[in-house]
Amino acid sequence: MSKIAIIGSGFSGLSCAAILAKDGHEVTIYEKNKVLGGRARQFQESGFTFDMGPSWYWMPDVFERFFNRFDRKVEDYFKLQKLDPGFQIIFSQDDEMIVPEKWESILEMFEKIEKGSARKLEKFMSEAKFRYDFGVTKLVYEPGLSLKELFKKDIITNIFKLQMFTSYRKHVASYFKNQKIKALMEFPVLFLGTAPSDTPALYSLMAYSGIKNGTFYPEGGFGKVIDGFVKLCKELSVNFEPNVNVNKINIEGNIAKSIDTSRGIFRFDKIIASADYSHVDGKLLPNKYSNYSNNYWQKRTFSPSALLFYLGVNKKLNKLQHHNLFFDEEIDKHIDEIYKDPEWPSNPLFYACCPSKTDKSVAPSDKENLFLLMPIAAGIQDNLELREKYFNIMMYRLERYCQEEIIQHIEYKRSYCVNDFKNDYNAYKGNAYGLANTLSQTANLKPKIINKKINNLFYTGQLTVPGPGVPPAIISGQVVADYILKS
Ligand SMILES: Cc1cc2nc3c(=O)[nH]c(=O)nc-3n(C[C@H](O)[C@H](O)[C@H](O)COP(=O)(O)OP(=O)(O)OC[C@H]3O[C@@H](n4cnc5c(N)ncnc54)[C@H](O)[C@@H]3O)c2cc1C
C-alpha cells in the first residue's frame, strides 16, 4: 500500500484516485478551489444552478466502462436523459437546422437538404463507427510512452482505415457539398480545440458520437456527474482536501518526497499531478526537474480560451433549444482569429446553452438558465470592457434570433474569461481545455505521463494523453493509474 497525493480534483484526478484507492492505496486529493470538480464545477446563485464548463455529454460508453470497473453502473450515481432534439445550429435569424435524436429523422433531414446525402451519411458513419470502436476502446487507453504502442499489428493493418493523415475538413468535403451539412459535420471536432482543417480525419469518431449516438444530459447538470465521481471516491476511502493550494513539490535525489501546501508539508510515496501540466512542470517543480521548457509550451497549439456568461433570465425563451450553436457568421474567419492571428474575433460564432429547457431543477419556474460561450484565442488581453463589448454582440444576435427583449430580463449575470482560467485553474494562457488535438499533438506526441527525472511523479489530465474533453480526462486518469499499478 502506498500513500499517494493527487493534485487537482477534475475528472482526471477523480478517476485516477478511484482506481488507485480500489487497489488499496491511501489516496488524498488536494484541490486549490473550495468546490471540487475543476473545470466541471457548478455554482448556485439566486435560485439558478450553473455548470461552469462542460455541457455536452457525449461518449456515454466511456463513463459506463469507468463505473463498470467498480462493479457499478452510471445509473447508480446520476440519471441520464437523451436530448431530442440533440441541438440546433442557427444560420440566420430565420434559418436553423434542428438536429433530431432519431437516426432515421437525421437521414431524412440530410436527404431534404442535399439529394443523395442520406446514403453518404450512412457510409460516413459506418466508417466513423469503426474509428470510434477502434479509437475509443483501444488507442486512447495507451499511455503514449513507447512507439511499440503504435506499431501493434491491428493498428498497422488498419492504418488507412483510421485516416490519421487526411484532414477532417477534406474528409467531410469528399462526402458532402451543402455548406450547412458541412457545418454540422465539422462542428463536433471543434471540441478537440482545433480547426477542422488541422484535425486528422480519424476524429470523425467525434461526429459518430455526437450525431449518430446522440447528446445526453445528466439530470441536475454536469455537476451531478462530478458528485457521482466524488461519491464513488469516498466509498473507496479517498481523502479530499479542498481549498488547499499545492505550492511546491519537494524533491530529494530523483524522488518526490512531499508536497508543500497552503496547509503545511505532507509526505507521500507517489505524486500525481492532474493540475494543468505546464503549471506543475514550470511552477511546482525546480526548473532542472521539468519535463518541458517554457519554449516548448510556447510552441504548442493550445485549445481556445473562452468568454463565458452565466445568466439568469426572468422569463422563458421560446425559440431556444437546450443546445444552440450560433453559426450565423463566417466560421473560418473566427477560427483564424483563434489560431493563426490570435485576437478578439471580428464577428464571433458562439454557443448558447439553456439547460432549463430540459431540467426544472437548474432555474426557478418560468425562468431560464442561460450559458453563453464564445471561443477566443488563449492568452489574449482580457478586461471588463472587452467582456461587455462581446456580451452586447452576443445578446444582440440572441435577441434578434429569439425576436424578443432579453437584456432587460437578466436578473443574474456573471462573466468568466482568460484571467479567471489563469487564476482559478493555473491554466497556461488561460486555455479552456488543454492542448489542441492536431496530428503533431496526438497520442505519443502529447506531453508524457511520467517525469523523466523523478521516478514517482506522474501527470494526468487534458494536457496529456488522450486529450481534451470530459471522456478523455476520465480515460487519462485511468491510463495513469493503470500504468502505476502495472509498474
Ligand atoms: C467552458 C468549457 C466548456 C467545456 N465543454 C465541454 C463539453 O461540453 N463536453 C466535454 O466533454 N468537455 C468539455 N470541456 C472540457 C472538460 O471540461 C475538460 O477537458 C475536463 O473537465 C478537464 O479535466 P481535468 O481533470 O484534466 O482538468 P481540470 O478540471 O482543470 O482539473 C484540474 C484541477 O487542478 C486544480 N489545481 C490547479 N493548480 C493547483 C494547485 N497548485 N494546487 C491544487 N490544485 C490545483 C484546479 O483547480 C482544477 O480543479 C469544457 C471545458 C470548458 C472550460
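**Around the ligand**

Of the 37 residues around the ligand, Gly8, Gly10, Gly38, Ala275 and Gly461 come nearest. A residue is near a molecule or strand here if its C-beta atom, placed from the backbone, lies within 6 Å of it. Helices are DSSP runs of H or I with at least four residues, strands are runs of E with at least two, and both are numbered from the N terminus. By class, the shell holds 18 nonpolar, 16 polar and three charged residues. Nonpolar means Ala, Val, Leu, Ile, Met, Phe, Trp, Tyr, Cys and Pro; charged means Asp, Glu, Lys and Arg; the others, Gly among them, count as polar.

A word on the model. It is predicted: local features need pLDDT of at least 70, side-chain atom pairs count only at pLDDT 80 or more, and totals for chains, interfaces and linings use all residues. Residues are numbered from 1 along each chain as its sequence is written.

**Two domains**

Domain 1 covers 3-44 + 222-300 + 435-486, and domain 2 covers 102-212. Those bounds come from an automatic or database domain assignment. How far apart are the C-alpha centres of domain 1 and domain 2? They lie 30 Å apart. Domain 1 puts 20 residues into the contact, and domain 2 puts in 18 residues. Contact means C-beta atoms, placed from the backbone, within 7 Å. On the domain 1 side, twelve residues are nonpolar, six polar and two charged.

**A sheet of three strands**

Next, an open antiparallel sheet, in the order β10-β11-β12. Strands pair if DSSP finds at least two bridges between them. β10 (246-252) and β12 (264-267) are the edges; each has a single partner strand, so one side of each lacks a neighbour in the sheet. From one strand to the next, the twist averages 25°. Six bridges join β10 to β11 (residues 255-261). Isoleucine 249 stands opposite isoleucine 259 in β11.

**A helix pair**

Last, α3 (residues 103-113) and α4 (residues 117-137). Their axes come within 7 Å and cross at roughly 130°. Axes are lines fitted to C-alpha atoms, for helices over the stretch in contact, and angles run from 0 to 180 degrees between N-to-C directions. Leu107, Phe110, Glu111 and Ile113 in α3 meet Ser117, Ala118 and Leu121 in α4. That contact divides into five nonpolar residues, one polar and one charged.

Methods. Contact = placed C-beta atoms within 7 Å.
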